[in-house]
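Visitor: I have a few questions about how the terms are applied here. Could we go through them one by one?

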Amino acid sequence: MGADVSVVAASESSCKIFGDGCGFEAPTVSLFFPTPWLDFGLPGTSGLNKYYLVAVVALLVAAAFWYFTTRKAKVVPGRGQSVAELLVTFLRDQVTRTAIGKEGDKYLPLMVTLFIFIFSMNIMGLIPGLQLPVTSNLAFPAVLALLIFLLWNIVGIRRHGAGGHFKARLVPGGVPTWILPLVIPIEALSNFIIRPATHMIRLFATMFAGHLLLALFAAAGFYMFNPLSEMGAGYGALSVGYSAMALLGFLVFTAFELFIMAVQAYVFVLLSSIYLGEALEGAH
C-alpha cells in the first residue's frame with residue numbers, strides 16, 4: 001500500500017463508522033514531518049529523519065537499475081539491457097534532441113541520471129515500509145532545481161560570455177529602448193527567481209498532494225471497515241461495502257499516481273533541457 005494505514009488513519013484507532021460516534025479524522029501534513037532520529041539543534045533544519053534513509057534507498061535503487069541492466073551489455077541486448085536502451089533512446093529523442101538539438105547528446109547522461117533518480121525518489125511513496133516520496137520534502141527538489149539553475153548560467157556564460165548571457169536573459173530582442181526600464185526587472189524576476197522556484201515547486205507540490213490523497217483513501221477505508229458494528233449486521237455489511245469502494249479508489253489512484261511519478265520526472269528533465277538549450281541559443 002502507498003500509505004501506512006496505522007499512521008494515517010483516525011488518530012483514535014477504535015474510531016469506526018457505525019461505531020460509538022467518534023468521527024473520521026483525515027490525515028494531516030504531519031505525515032511529511034517525521035520525528036527526527038537525531039536532532040542537531042540547528043535553526044531551520046529538521047535533523048536526521050526518515051527522509052534521509054528513503055533518499056539513500058532511492059539512490060541505491062537507481063544504481064541497482066543501471067548495474068543489473070548494463071553489467072553484461074551485449075550487441076544483441078537482453079530484456080534488462082533493452083529496457084535501459086529504450087529509456088536512453090526515449091530521453092535522447094524526446095527530450096535532449098528536441099530541446100537542444102544534436103548538441104544535447106552531451107547532456108544526455110545528466111538527464112538520464114536525473115530522470116532515474118527523481119523517479120526512484122518518487123516511487124518511495126509506494127514502497128511498503130517506506131511510504132514517503134523523497135520529493136515531497138521541498139529541500140530535495142530545491143537542490144536539483146538549483147543545480148540546473150547553476151548549470152544554465154555556466155553553460156550560457158561559457159557560450160556567450162557573462163555580458164552576452166545576462167543581456168540575452170534580461171533584454172528581449174526587438175523591445176523598444178524606452179520600455180527597457182520596465183521590461184528588465186520583469187525579465188530578471190522571471191528568469192532568475194520565478195523560473196528556478198517553479199521548477200522545484202512543480203515536482204514538490206505534485207508529490208506532496210498525491211501522497212496526501214493516497215493517505216486519505218487508506219485512512220477512509222480503514223475507518224469505514226467495521227463488520228462487527230454494534231448497530232447490527234446490516235450496518236456491518238454496509239461498512240464493508242463502503243470500505244471496498246475506498247479500497248478500489250485507493251488502488252486506482254495508486255496506479256494513476258505511479259503514472260504521475262514518471263510524468264513528473266519526465267517534466268523535470270524536459271524543462272531542464274529546455275533551459276540548457278535556451279542558454280546555448282543565447283538571445284530570445
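Visitor: What makes Leu-126 and Leu-214 contacts of Thr-254?
Guide: Contact means heavy atoms within 4.5 Å. Leaving aside neighbours within four places in sequence, Thr-254 is in contact with Leu-126 and Leu-214. This is a predicted model, where local features need pLDDT of at least 70, side-chain atom pairs count only at pLDDT 80 or more, and totals for chains, interfaces and linings use all residues. Residues are numbered from 1 along each chain as its sequence is written, and side-chain values use heavy atoms, with hydrogens and water left out.

Visitor: Why is Thr-254 called buried?
Guide: Its relative accessible area is 18%. Buried means under 20%, exposed over 50%, partly exposed in between (1.4 Å probe, protein chains only). So Thr-254 counts as buried.

Visitor: Where does Thr-254 lie?
Guide: In helix H7, residues 233-281. Helices are DSSP runs (H or I, at least four residues), numbered from the N terminus.

Visitor: Which backbone oxygen does the Thr-254 side chain reach?
Guide: That of Phe-250, at 2.7 Å.

Visitor: Why is Trp-37 called exposed?
Guide: Trp-37 has a relative accessible area of 57%. The cut-off is over 50%, so Trp-37 is exposed. Its place is the loop between helix H1 (5-8) and helix H2 (50-70).

Visitor: Which element has the lowest mean pLDDT?
Guide: H1, at 43; helix H4 (residues 108-123) has the highest, 96. pLDDT is the predictor's confidence in each residue, from 0 to 100. Over residues 1-12 the pLDDT is below 50. Where pLDDT is low, the predicted coordinates should not be read in detail.

Notes. Helix = DSSP H or I, 4+ residues; strand = E, 2+ residues; numbered from the N terminus. Polar contact = N/O pair within 3.5 Å; in protein donor to acceptor, adjacent residues only side chain to side chain.
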